[in-house]
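Thanks for coming. I will take this one in pieces, beginning with a single residue and then moving out to the sheets.

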Amino acid sequence: MMRGRIYLKGSILLAMATLFLVGMSALFSIAQAPPIKIGTFTPLSGHAAYYGEHIVIGAKLAIDEVNEKGGIMGRKVEFIAEDDKNIPAEAVSAAEKLITKDQVVALSASMGSSPVLAVMPKVNDAKVPMFVQTATSVLITQQSGIGGNPWTFKCNPNDPMMLTALAKFIVEKRSVKSISFIGEDTDFGRGIVKGLKDWMVPNGVKILSEDYVKAGETEFTPLLTKVKGLKPDVLGLGVVGPTQIQSLVKQMLELGMKIPLTGRYDITAKQIADYIAGGAMEGSTCVEPYSHLYEGGRNAQFVQMVKQKLGRETGIYWWGVYWSYEATRVMLEAIKRAGSTDRNAIREEAKKVEMDLITGVKVKFDDHNQWHPLAFITGIKDGKIVLFGTVQT
């Protein structure tokens, strides 16, 4: 009897040891499983590096959340960022490296529209899903999904979605009757100008001038001198880069110009904070695909998380961080639902995803693989950035 009990006890201990070893083997196997690679091409040097830095931050926030919960399919997610300098040819090279050498299963796209448009044929040929987080050209939407490229997904709103709302606001609420334009000679810059004109011209707004500068240009004095003589109600901008906006406002002050700005520019950039506080930009407006001032959904918690992660309150490219976070979230969700790293399976699942954004808006991709989130009308009042309202795109 004693021998039986000893034998039984020994059998139980052996079984427990076996289970322990099996469990440890499984954990070891998971730990040794190769990571799931995703990537982005974005400006990490050059005049737009400030934007690329924050786009990388947004992606890492989403990836860290998933990795802290064990990853996907027991595998960690590895993130690779390549520098495209916001130049189309550089973007194509960066995307090729990510696709062929790094073997990423999905991509998020550059901050600039021209680089994204240049890479779209590449991802279509390579059959790799690409999620656009900040580029705003309507051409991306038009050419995606049933537009011919089923591998490109546009997460943030495009220019016409936002600019119609802005044009109506400044005309109906600010009584704007004339405008001059300065835009960069890119798909982004020309898209901004066209988006505002398309609503303004039929509604009686006079276009006094329309000029374009090279990407990264910081000398605006000749054009501003011309605009000063024309005396428009507002100056419409399609210029990217915080140092460019800083230079433009500085040169306006030197010329004694007090014309409000409007259009698409980063109103929260630290480079212009002093000008805003000093009253140089009073009455200026812009439309953004995201605002950290919005209080709906879970946005307040997201804003606090970003501030804590970065360790600062100001100088944050908010909509770059936000949209990179959301684009990466849907990419990771598609991988999870696919239960596979097969690129086609990820693409098929991405089309079906319906998710609640941080702002509380539920989105799903339409036939052109385009989301329809909120647009945010912001501006300067009493030396402070304020949110005037939101528009469903």
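**One residue and its contacts**

Apart from neighbours within four places in sequence, N86 is in contact (heavy atoms within 4.5 Å) with P43, H47, A48, S110, M111, G112 and P115. Before I go on, the ground rules: this is a predicted model, where local features need pLDDT of at least 70 and side-chain atom pairs count only at pLDDT 80 or more, while totals for chains, interfaces and linings use all residues. Residues are numbered from 1 along each chain as its sequence is written, and side-chain values use heavy atoms, with hydrogens and water left out.

Back to N86. This residue sits in the loop between β2 (77–83) and α3 (88–101). On the naming, helices (H or I, at least four residues) and strands (E, at least two) are DSSP runs, numbered from the N terminus. Is N86 buried or exposed? N86 counts as buried because its relative accessibility is 13%. The cut-offs are under 20% relative accessible area for buried, over 50% for exposed, and partly exposed in between, with a 1.4 Å probe and protein chains only.

**The five-stranded sheet**

β2 belongs to an open sheet of five strands, in the order β2-β1-β3-β4-β5, with parallel pairing. Two strands pair if DSSP finds at least two bridges between them. The edges are β2 and β5 (152–154), each of which pairs on one side only. From one strand to the next, the twist averages 25°.

S108 has F131 in β4 as its bridge partner. Helix α3 packs on the sheet, touching β1 (36–42), β2 and β3, and its direction makes about 175° with that of β1. Helix α4 (residues 113–126) packs on the sheet as well, touching β1, β3, β4 and β5, with a direction at about 160° to that of β4. For these angles, axes are lines fitted to C-alpha atoms, for helices over the stretch in contact, and angles run from 0 to 180 degrees between N-to-C directions.

**The four-stranded sheet**

Next slide. Which order do the strands take in the open sheet of four? The order is β7-β6-β8-β9, and the pairing is parallel. β7 (206–213) and β9 (261–263) are the edge strands, each pairing on one side only. On average, neighbouring strands here are turned by 25° against each other, direction ignored.

β6 (residues 178–184) and β8 (residues 234–238) run parallel and are joined by five bridges. Within that pair, I182 stands opposite L237 in β8. Helix α7 (residues 187–200) packs on this sheet and touches β6, β7, β8 and β9; the direction of α7 makes about 160° with that of β6.

**The antiparallel strands**

Now to β13 (residues 374–381), a mostly covered strand in which seven of the eight residues are buried. β13 pairs with β10 (residues 285–288) in the antiparallel sense over four bridges, and T285 has G379 in β13 as its bridge partner. β13 also runs antiparallel to β14 (residues 384–392), with eight bridges joining the two. There, the bridge partner of T378 is L387 in β14. The hairpin of β13 and β14 has two residues between the strands, and D382 takes a positive phi near 55° in it.

I358 lies in the loop between β11 (354–356) and β12 (362–364). Why does I358 count as buried? Because its relative accessibility is 2%. Setting aside neighbours within four places in sequence, the contacts of I358 are G296, G297, R298, N299, F302, Y322, Y325, E326 and R329. The C-alpha atoms of I358 and V303 are separated by 10.0 Å, and the two residues are 55 apart along the chain.

**The whole protein**

To finish, some totals. The protein has 13 helices and 14 strands, and buried residues make up 52% of its 393 residues. The C-alpha trace spans about 110 × 45 × 35 Å along its principal axes. Taking contacts between residues at least 6 apart in sequence, 70% join residues at least 24 apart.
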